[in-house]
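I opened my notebook to look around this protein, one entry at a time. Here is what I wrote down along the way.

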Amino acid sequence: MRTWHWKSFQTLLLDELYDVLALRQEVFVVEQRSIYQDVDGYDRGAEHLLLHDEVQGKRLLAAYLRILPPGLKYTEASSLGRVVTSPRARGLGLGRELVARGIARLESLYPEAPIHIGAQHYLQRFYEGFGFQARGDVYDEDGIPHVDMVRPVSSPR
């Protein structure tokens, strides 16, 4: 059984926070071999979307992302980031649903704000499918090629 939950930082249970940080470290630091400061100061001001799966009676974090309000990271834009699917849950289309839910939440909370992301370059086409447009050149962030992308207000999906 899958369950989706939006949580503020203050309402995350300690076990949930632990699972979020463990999944981000598993994928972004270990799997992608990128040594960087994951705990970057934005989590406290973010809303967090957690997808849990029940597997053999255990509740496991299958996917996660966070959204940021305008002014926290980007002056006039909201943002979504730390988009991650557990290696155990890949290939099920969860990434698409995760991003769609993040965009829908941002649009409901901040309808007048574009959405700005720093996407891993290999995912550029994936995000273009959600109406994001590349801005600027590809750049290195923590050893991984990235590109800034913006989804204008009321962009079609």
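Predicted model: local features only at pLDDT ≥ 70, side-chain atom pairs only at ≥ 80, totals over all residues.

**Entry 1: the order of the elements.** I started at the N terminus and read off the elements of the protein chain, which run β-α-β-β-β-α-β-α-β-β. That makes three helices and seven strands.

**Entry 2: overall size.** I looked up the box that the C-alpha atoms of the protein chain fill, and it is roughly 45 × 35 × 30 Å along the principal axes. Then I asked myself what radius of gyration a compact globule with 157 residues would have. The rule gives a value near 15 Å, and the protein chain has 15 Å, which agrees.

Entry 3: How many of the 157 residues count as buried? I found 41% for the protein chain. The exposed surface comes to about 8,800 Å², and carbon and sulfur atoms supply 51% of it. I also looked at the charges: there are 19 positive and 21 negative ones, and their mean positions are 4 Å apart.

**Entry 4: contacts across the sequence.** I took the contacts in the protein chain with a separation of 6 or more. Residues 24 or more positions apart account for 62% of them.

**Entry 5: the largest nonpolar core.** This core has 23 residues, and I wanted to know which of them touch the most other members. They are L80, I103, I115, I117, Y127, F132 and M149. Two or more residues each come from β2 (47–55), β3 (58–68), α2 (94–109), β5 (115–120) and β7 (144–151). Helix α2 gives the largest share, six residues.

I then followed L80 in more detail. Leaving aside neighbours within four places in sequence, L80 is in contact with R66, I67, V99, G102, I103, L106, I115, H116 and I117.

Entry 6: I picked L14 and R24, which both lie in helix α1. Which is buried and which is exposed? L14 has 74% relative accessibility, and exposed means over 50%, so L14 counts as exposed. R24 has a relative accessible area of 1%, and buried means under 20%, so R24 is buried.

I looked up what surrounds R24, not counting residues up to four places away in sequence. R24 touches V29, D38, D43, Y64, R66, R82 and V84.

For L14 I checked a distance instead. L14 and M149 are 135 residues apart in sequence, and their C-alpha atoms are 32 Å apart in space.

**Entry 7: D40 in its loop.** D40 sits in the loop between α1 and β2. Its relative accessible area is 27%, which lies between the 20% and 50% cut-offs, so D40 is partly exposed. Beyond its neighbours within four places in sequence, D40 is in contact with R66 and R82. From D40 to L14 I found 26 residues in sequence and 18 Å in space, C-alpha to C-alpha.

**Entry 8: positive phi angles.** Next I looked at the backbone in two loops. Q56, in the loop between β2 and β3, has a phi near 50°, a positive value in a residue other than glycine. Q56 is exposed, with a relative accessible area of 82%.

D142 lies in the loop between β6 (133–141) and β7. Its phi is also positive, at about 60°, although D142 is not a glycine. At 36% relative accessibility, D142 counts as partly exposed.

**Entry 9: R151 in strand β7.** My last stop was R151, which is found in strand β7. Is R151 buried or exposed? Its relative accessible area is 3%, so R151 is buried. I also checked R151 against S78: they are 73 residues apart in sequence, yet 9.8 Å apart in space, C-alpha to C-alpha.

Conventions. Residues numbered from 1 in each chain as written. Heavy atoms only, no water. Helix = DSSP H or I, 4+ residues; strand = E, 2+ residues; numbered from the N terminus. Rg over C-alpha atoms; globule rule 2.2 N^0.38 Å. Buried < 20%, exposed > 50% of the residue type's maximum accessible area, 1.4 Å probe, protein only. Contact = heavy atoms within 4.5 Å. Areas by Shrake-Rupley, 256 points an atom, 1.4 Å probe, with all protein chains shown as cover. Lys, Arg positive; Asp, Glu negative; His and termini not counted. Charge placed at Lys NZ, Arg CZ, Asp CG, Glu CD. Core = buried A, V, L, I, M, F, W, Y, C linked by side-chain atoms within 4.5 Å.
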